[in-house]
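Visitor: I am new to this one. Could you walk me through it in short steps?

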Amino acid sequence: MSGVYEELGVRPLINAAGTQTRYGGVPLPQEVVQAMAEAATACVRMEDLQEAAGRVIAEATGAEAGYVTAGAAAGLTLAAAACLAGLDVARMDRLPETTGMANEVIVQRAHRNAYDHAVRAAGAYFVEVGYLGYPGAGGTHPWQIEAAIAERTAALYWATIDARGVVPLEEVCRIAHKHGLPVIVDAAAALPPAENLRRFVEAGADLVSFSGGKAIMGPQAGGILCGRRDLIASVLLQNQDMDVHPEAWTYRSRYLETGLLPGPPHQGVGRSFKVGKEEIVGLVAALKRYVQRDHAADRVRWDEVVRAVLDGIGDLPHVRGVYVCPAAHPVPQAHLEVDEAALGFTAFDAIRRLLDGSPMVAVSEGRAREGALVVNPIALRDDDVPRLIDRLRAVLSGAS
């Protein structure tokens, strides 16, 4: 399993941190690996492959169309580019330069986050609405969203962040559509629950970006963008290799002979996010597998892993294990709360020792400032669990 990494001098790790990109996401299921290997043995016309993949995505999400992206962040940039340029070839050529264009995206303040840089990368500018503090612990009123809509508004943005007082997606979509504007949803880590694959489109969202390398268990450099057919068409035109003469262009009859476009666009702002045939096929295989999975069985297995971890460290002094399952993202976790004063080292020290030791172990640092390590089971293989417990016991007992 680790031969290729050993040849490079890289140590594989036990990933108890979840689906985080910096730890390589999740081990790919064998059927996904096989699909990618088969895809690598032949060449195809990439427009054909993306359109075929889009039909699978549309069926799975309930959207009009779909597209495989180079991850959820790339999907957000492409979504913003589609809202900024539409099917205007001249605007596609200009992005991310948007002077004089409708280039504003309305966002609730509570939904600002580090990943929304991907929206700005297309040339969009955020217009924030709502409050963060007093009175009432923050929040946004629907009238604030509507009042912010102006001539330069290109879209509205909604993130799957568990924040108090935000206007629900359904209401945001109602306001946006009243003014003929699209809504972009960042749903990168919104799975599970599996129902969220269709939830955002059903709520009225026009473009939704999911990670393909998290719960879907596809290639880490893959993502899903689904939504309106016309906006996905803009995405394709701004992401594909457009080093082509009009006379030989795949879409000459669709766009040129009908007069919809004056000519094919050139390499657009999305060209940096090209996706290989292997990733597209792997993502499709993973998505089909995810839709057909027994999600209840997954939850049972995750529960068993978490409880095994809690039982495995239960007798350690100065360590308190807590079972936690967030309502919005129902993957159970083991929170290992350490008495830093009694142990003589901090949660961050423990995290570093786990990563520096053998086997190398990654845990989530989301609660480390509160003195806790978090074990997320979603990327753990069955044979990882005993080794994980042994390593946790060694580090948290001070033996390292």
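This is a predicted model: local features need pLDDT of at least 70, side-chain atom pairs count only at pLDDT 80 or more; totals for chains, interfaces and linings use all residues.

Visitor: How many of the 11 residues of helix 10 are buried?

Guide: Helix 10 runs over residues 229–239. Buried means under 20% relative accessible area. The helix is mostly covered, and the number of buried residues is 9.

Visitor: Now Leu283. Is Leu283 buried or exposed?

Guide: Leu283 sits in helix 12, residues 277–292. The cut-off for buried is under 20% relative accessible area. Leu283 has 0% relative accessibility, so Leu283 counts as buried.

Visitor: Which residues does Leu283 touch, leaving out those up to four places away in sequence?

Guide: A contact needs heavy atoms within 4.5 Å. With residues up to four places away in sequence not counted, the partners of Leu283 are Val68, Gly212, Pro219, Gly223 and Ile224.

Visitor: How far apart in space are Leu283 and Ala40?

Guide: In sequence, 243 residues separate Leu283 from Ala40. In space, taken from C-alpha to C-alpha, the distance is 14 Å.

Visitor: On to helix 16. What span should its 13 residues have?

Guide: Helix 16 covers residues 384–396. The rule is 1.5 Å times one less than the number of residues.

Visitor: Which residues of helix 16 are buried?

Guide: Buried again means under 20% relative accessible area. In helix 16 the buried residues are Asp384, Val385, Leu388, Ile389, Arg391, Leu392, Val395 and Leu396.

Visitor: Why do they lie on the same side of helix 16?

Guide: Look at their directions around the axis of helix 16. They are on the same side because they cover an arc of only 170°.

Visitor: Which residue just after helix 16 takes a positive phi?

Guide: Look just past the end of helix 16. The phi there is about 90°, and the residue is Gly398.

Visitor: What lines the largest cavity?

Guide: The search of the whole structure finds 1 cavity of 30 Å³ or more. The space in the largest cavity is about 30 Å³. By class, its lining has 6 nonpolar, 1 polar and no charged residues. The lining residues are Ile106, Val107, Gln108, Ile145, Leu156, Tyr157 and Val172.

Visitor: Which strand gives the most to that lining?

Guide: Strand 3 (104–108) and strand 5 (153–159) each supply at least two residues. With 3 residues, the one that gives the most is strand 3.

Conventions: Residues are numbered from 1 along each chain as its sequence is written. Side-chain values use heavy atoms; hydrogens and water are left out. Helices (H or I, at least four residues) and strands (E, at least two) are DSSP runs, numbered from the N terminus. Buried means under 20% relative accessible area, exposed over 50%, partly exposed in between (1.4 Å probe, protein chains only). The arc is that of the directions from the helix axis to the C-beta atoms. On a 1 Å grid over the protein atoms alone, a cavity is a set of points where a 1.4 Å probe fits but cannot get out, and a pocket is an open set with protein on both sides within 12 Å along at least five of seven lines; lining residues have an atom within 4 Å of a point. Grid points are joined across faces, edges and corners, and a volume is the space filled by probe spheres set on the points. Ala, Val, Leu, Ile, Met, Phe, Trp, Tyr, Cys and Pro count as nonpolar, Asp, Glu, Lys and Arg as charged, and the others, Gly among them, as polar.
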